[in-house]
Amino acid sequence: MPDTPPIVLCLSGHDPTGGAGLQADIETLGRLGCHASTVVTALTVQDSRDVVRVLPQAPADFLEQACRVVRDLPLAAVKIGLLGSAGVARAVAELLRELPGVPVVLDPVLAAGGGTLLAREDLIEVLCGELLPWVSVLTPNIPEAEALSGERQPGVCAKVLLRMGTRHVLITGTHDEGSEKVINRLFGPEGDAEWAWERLPHSYHGSGCTLASALAGYLAQGLDMRLACERAQVFTWEALAAGWRPGKGQHFPRRCNSLG
């Protein structure tokens, strides 16, 4: 009998371009030798330039679908992306109560690459007040970390977010265009870590999804947090470096090119 791949439950939005969302999760996890079990949080109207509309699932329907998976499959990790509404965020928090000890990666998708806001204030309140205590690692970019914490400096943002309940925070520096390198910083109980990456020349659609799902995949395989974060960054950087521009907007990661 072949080895059973680790199963990662992905709770994310559907991106019809295939650059981000659940398809990014599936491609990344498959490349890493994991199996992605997926529950749609929201449909979206978008292209490679921006998101036009978000159509969240009804929370009760979402929870019914997700509970069937949770009570059937032996999950090794959970990856959360676009939530779409406060109701869905609250349903995710309820779902995670059934998964004690399972690593949870949350990519707090607050805005699209084109600038459209994807999270209203009520969703952010539920995310910070009810969801973060169930999260193993939060993966915000700098604007997201600032919006969630109300602070400005990455280290201060991280302290606030850790007090809200998440066990680790990985703040990515792609939006800090004043820095020659992309500096990513991990904060948590084992101490802090920092990585510097060559800044690539384009804007990418699905980079955050790729990083978060790769991190979930490595945690599902049993890696410790620091090593999982490092390998997830390598995977993501390789996918971005090999990226392509299929439409009129951002480049897409070429996840099949990453070594995993």
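Leaving out neighbours up to four places away in sequence, Thr172 is in contact with Pro140, Asn141, Ile142, Ile183, Asn184 and Leu211, where contact means heavy atoms within 4.5 Å. Welcome to this predicted model, in which local features need pLDDT of at least 70, side-chain atom pairs count only at pLDDT 80 or more, and totals for chains, interfaces and linings use all residues. Residues are numbered from 1 along each chain as its sequence is written, and side-chain values use heavy atoms, with hydrogens and water left out. Helices (H or I, at least four residues) and strands (E, at least two) are DSSP runs, numbered from the N terminus.

**Thr172 and its setting**

- Thr172 sits in the loop between strand 7 (168–171) and strand 8 (181–187).
- With a relative accessible area of 10%, Thr172 is buried; buried means under 20% relative accessible area, exposed over 50%, and partly exposed in between (1.4 Å probe, protein chains only).

**Helix 1 and what follows**

- Helix 1 (residues 21–31) has these buried residues: Gly21, Leu22, Ala24, Asp25, Thr28 and Leu29.
- Viewed down the axis of helix 1, its buried residues fall within an arc of 155°, so they line one face of the helix; the arc is that of the directions from the helix axis to the C-beta atoms.
- What do the buried residues of helix 1 pack against? Their partners are strand 1 (7–14), strand 2 (35–46), strand 4 (75–80), helix 7 (207–220) and helix 8 (225–241).

**Pro5, in the segment before strand 1**

- Pro5 lies in the segment before strand 1 and counts as partly exposed, at 36% relative accessibility.
- Not counting residues up to four places away in sequence, Pro5 touches Gly33, Cys34 and His35.
- From C-alpha to C-alpha, Pro5 and Gly30 are 9.5 Å apart in space, and they are 25 residues apart in sequence.

**Helix 2 with helix 3**

- The axes of helix 2 (residues 59–70) and helix 3 (residues 86–96) come within 9 Å and cross at roughly 25°. Axes are lines fitted to C-alpha atoms, for helices over the stretch in contact, and angles run from 0 to 180 degrees between N-to-C directions.
- That makes helix 2 roughly parallel to helix 3; angles under 35 degrees count as roughly parallel, over 145 as roughly antiparallel, 65 to 115 as roughly perpendicular and the rest as oblique.
- The crossing of helix 2 and helix 3 is right-handed. A crossing is left-handed if the near helix is turned anticlockwise from the far one by less than a right angle, and right-handed if clockwise.
- Helix 2 contributes Pro59, Phe62, Leu63, Ala66, Cys67 and Val70 to the contact, while helix 3 contributes Gly87, Val88, Ala91, Val92, Glu94 and Leu95.
- Sorted by class, this contact of helix 2 with helix 3 has 10 nonpolar, one polar and one charged residues. Here Ala, Val, Leu, Ile, Met, Phe, Trp, Tyr, Cys and Pro count as nonpolar, Asp, Glu, Lys and Arg as charged, and the others, Gly among them, as polar.

**Helix 3 with helix 4**

- Helix 3 and helix 4 (residues 121–131) pack with their axes 8 Å apart, at an angle of about 15°.
- That makes helix 3 roughly parallel to helix 4, and their crossing is right-handed.
- The contact is made by Ala86, Ala89, Arg90, Val92, Ala93 and Leu96 of helix 3, together with Asp122, Leu123, Val126, Glu130 and Leu131 of helix 4.
- By class, the contact of helix 3 with helix 4 has eight nonpolar, no polar and three charged residues.
- Leaving out residues up to four places away in sequence, Ala86 touches Asp122, Leu123 and Val126.
- In helix 4, the residues Leu123, Ile124, Val126, Leu127, Cys128 and Leu131 are buried, and the buried residues of this helix pack against helix 3, strand 5, helix 5 and helix 6.

**Helix 5 with helix 6**

- The axes of helix 5 (residues 142–149) and helix 6 (residues 154–164) come within 9 Å and cross at roughly 55°.
- That makes helix 5 oblique to helix 6, and helix 5 passes helix 6 in a left-handed crossing.
- Ala145, Glu146, Leu148 and Ser149 of helix 5 make the contact with Cys157, Val160, Leu161 and Met164 of helix 6.
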